[in-house]
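Dear colleague,

I am handing over the structure we spoke about, and you will find it just below. After it I have set out what was found, topic by topic, so that you can follow along in the viewer.

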Amino acid sequence: MMDLNARHVLITGGLGSIGTAFAVAFAAAGARITILDRPGATPPASHGWLAVDLEDLPLAEARVAAAGPFDILINNAALIINKPFEAVSVEEYETQMRVNSASAFALARACAPGMKAKGWGRIVNLTSLTLNGQWDGFVPYVASKGALLGLTKGLARELGPHGITVNAIAPGAVVSEAERSVFADRLEDYNRFILERQCIKARIQPHDVASLALFLASDAAGMISGQNIGIDGGW
């Protein structure tokens, strides 16, 4: 087991399927957990809690800065719209960019001072398999994840001299509440589509993604930075 030795970790979108798996894995490794999710959601009983709408980035940055310092930042929160790009409004596009990408920039700003002061930090961003360009109907989502990958590369360069690593995880199709919601009317066909394309003929589970995040947040990954690591069953 990775030992995070009471490190303080912030997990955005922490009440979703993958976010919950992150919280379980990091708590088991000894980390202190704070979850950030939308107002109106039911807060966890066993972890710290920030009810913040990531569309309001100045407020989100201020709240996170006040709740810190954080040793580890997991930018997991994301919105997904699945429809032809002509049917997506500019406002919907901008909202996805704001929540899925710009929020990671704002929260990195909030967490970086504390990490720099300690000379140690980990930022893990969640990109996506959809960056391979093989998915229809996800233009704003794919664009936001591409921006997040660029942010990962840029932050890794600027924060590395301070002992802070910045990496991205690109999950494939993970069994989750979001997946069931988006593909509810065609879930059987979707499952078949996924398994036909993966080398490994089993669905990726949230805990698989959490295990990779746990490694990247540990001392064992201290010389890994600026990377986008796929966990996609061998797509």
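Is Val139 buried, partly exposed or exposed? With a relative accessible area of 43%, Val139 counts as partly exposed. Before going further, please keep in mind that this is a predicted model, and that every value below was computed from it.

Val139 is found in helix H4, which covers residues 139-159, and together with Phe85 and Tyr93 it makes a nonpolar surface patch of about 290 Å².

**Strands**

Strand S2 (residues 32-37) has five of its six residues buried, so it is largely enclosed by the rest of the structure. Strand S1 (residues 8-12) runs parallel to S2 and is joined to it by five bridges, and among the bridge partners are His8 and, in S2, Arg32.

**Salt bridges**

Side chains of opposite charge can pair when their charged atoms come close. The count in this model comes to ten salt bridges, of which I describe some here.

Asp37 forms a salt bridge with Arg38, and the closest N and O atoms of that pair are 3.1 Å apart. Asp37 itself is buried, because its relative accessible area of 10% falls under the 20% cut-off.

A salt bridge also brings together the side chains of Lys118 and Asp71, at 2.6 Å from N to O. Lys118 lies in helix H3 (residues 90-118), whereas Asp71 lies in the loop between helix H2 (57-67) and strand S4 (72-75), so this pair ties together parts that are 47 residues apart in sequence. The two partners can be set side by side in terms of accessibility: Lys118, at 47%, counts as partly exposed, while Asp71, at 4%, counts as buried.

Asp185 and Arg186 meet through their side chains in a salt bridge of 2.7 Å, N to O. Asp185 is exposed, with a relative accessible area of 66%, and Arg186 is partly exposed, with a value of 32%.

**Aromatic pairs**

The count of aromatic pairs comes to seven. One of them is formed by Trp135 and Phe193, whose rings lie 5.5 Å apart centre to centre with 80 degrees between the planes, an edge-to-face arrangement. This pair links distant parts of the chain, since Trp135 sits in the loop between strand S5 (121-126) and H4, and Phe193 sits in helix H6 (residues 187-197), 58 residues apart. Trp135, at 16% relative accessibility, counts as buried, whereas Phe193, at 25%, counts as partly exposed.

The rings of Phe138 and Phe183 have their centres 6.2 Å apart and their planes at 50 degrees, so this pair is tilted. Phe138 belongs to the loop between S5 and H4, and Phe183 to the loop between helix H5 (177-182) and H6, so the pair ties together parts that are 45 residues apart in sequence. Phe138 and Phe183 are both buried.

Trp135, Phe138, Phe183 and Phe193 also belong to one aromatic cluster, which Tyr141, Tyr190 and Trp235 complete.

**Backbone geometry**

Which residues are joined by a cis peptide bond? The bond between Gly68 and Pro69 is cis, with omega at about 5 degrees, and Pro69 lies in the loop between H2 and S4.

In the segment before S1, Asn5 has a positive phi of about 50 degrees although it is not a glycine. Ala6, which also lies in the segment before S1, has a phi near 65 degrees, again a positive value in a residue other than glycine. Asn5 is exposed, with a relative accessible area of 61%, and Ala6 is exposed as well, with a value of 56%.

With best wishes

Definitions and conventions. Residues are numbered from 1 along each chain as its sequence is written. This is a predicted model: local features need pLDDT of at least 70, side-chain atom pairs count only at pLDDT 80 or more; totals for chains, interfaces and linings use all residues. Side-chain values use heavy atoms; hydrogens and water are left out. Patches are made of residues with over 30% relative accessible area and no salt bridge: like charges are joined within 9 Å, nonpolar side chains (Val, Leu, Ile, Met, Phe, Trp, Tyr) within 5 Å. Accessible areas come from the Shrake-Rupley method with a 1.4 Å probe; for residues, only the protein chains shown count as cover. A salt bridge is a side-chain nitrogen of Lys or Arg within 4 Å of a carboxyl oxygen of Asp or Glu. Helices (H or I, at least four residues) and strands (E, at least two) are DSSP runs, numbered from the N terminus. Buried means under 20% relative accessible area, exposed over 50%, partly exposed in between (1.4 Å probe, protein chains only). Two strands pair if DSSP finds at least two bridges between them. Rings of Phe, Tyr and Trp (its six-membered ring) pair if their centres lie within 6.5 Å; planes under 30 degrees apart count as stacked, over 60 as edge-to-face and the rest as tilted.
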